[in-house]
Amino acid sequence: MNIVKSALNLFGISKGDEGSGTTAATLDEFLSGLPPLLGYEINFTRHQKDDGSHHIEVTGGDVLSLVGENTQILDAIAHISMRVLRKQEGLANKAVDDGTDLSKYRVTVDADGYRDRHYEGLKKVAEDARKKVLDNNGRPTYISALSPAE
């Protein structure tokens, strides 16, 4: 937990004004400073999409260790990156107005095509469940719990 607080303080995302005084001014600065804090041999490459959202691709020797078996770490990096973008715009900890274009704060993070493979796996689970229901004369079947995004 201390490394998380240190990282948030370092990049000026913590509650209050107790930050270290060295904050990342941009998302790119945040991403370049993150690998040493995480302790992984990784690199981040950011691309801005046509709709204004951001896609971050993670590469490097420790990508598989970073991802693990699910997307929780990738989702956490995406969330903190969104917070950095909001802070950069002066919107940290403020409610978003109805007229604000939220797409410029949308961030997705992927590592070595993990999200695409995961999505294909989810489609297979759904197809297998469908077949099982049809084979059992419409009786319900169950699948493991999914996250809200899935």
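Student: What should I know about the model before we start?

Tutor: It is predicted, so local features need pLDDT of at least 70, side-chain atom pairs count only at pLDDT 80 or more, and totals for chains, interfaces and linings use all residues. Residues are numbered from 1 along each chain as its sequence is written, and side-chain values use heavy atoms, with hydrogens and water left out.

Student: Which helices and strands make up the secondary structure?

Tutor: There are five helices and three strands, in the order α-α-β-β-α-α-β-α along the sequence. Helices (H or I, at least four residues) and strands (E, at least two) are DSSP runs, numbered from the N terminus.

Student: Why is Val125 called partly exposed?

Tutor: Buried means under 20% relative accessible area, exposed means over 50%, and partly exposed lies in between (1.4 Å probe, protein chains only). Val125 has 38% relative accessibility, so it counts as partly exposed. You can find Val125 in helix 5 (residues 114–135).

Student: What makes a nonpolar surface patch with Val125?

Tutor: Val125, Ile143 and Leu146 form one of about 240 Å². Patch residues have over 30% relative accessible area and no salt bridge; like charges are joined within 9 Å, and nonpolar side chains (Val, Leu, Ile, Met, Phe, Trp, Tyr) within 5 Å. A salt bridge is a side-chain nitrogen of Lys or Arg within 4 Å of a carboxyl oxygen of Asp or Glu. The areas come from the Shrake-Rupley method with a 1.4 Å probe; for residues, only the protein chains shown count as cover.

Student: How do you know that the buried residues of helix 2 are on the same side?

Tutor: The buried residues are Leu27, Phe30, Leu31, Leu34 and Pro35. They cover an arc of only 140° around the axis, so they sit on the same side of helix 2. That arc is taken from the directions from the helix axis to the C-beta atoms. On the other side, Ser32 and Pro36 are exposed.

Student: What do the buried residues of helix 2 pack against?

Tutor: They pack against strand 1, strand 2 and helix 4, where contact means heavy atoms within 4.5 Å.

Student: How do you know what span to expect for helix 4?

Tutor: The expected span is 1.5 Å times one less than the number of residues. Helix 4 (residues 72–88) has 17 residues and reaches 24 Å from its first C-alpha to its last, close to the expected 24 Å.
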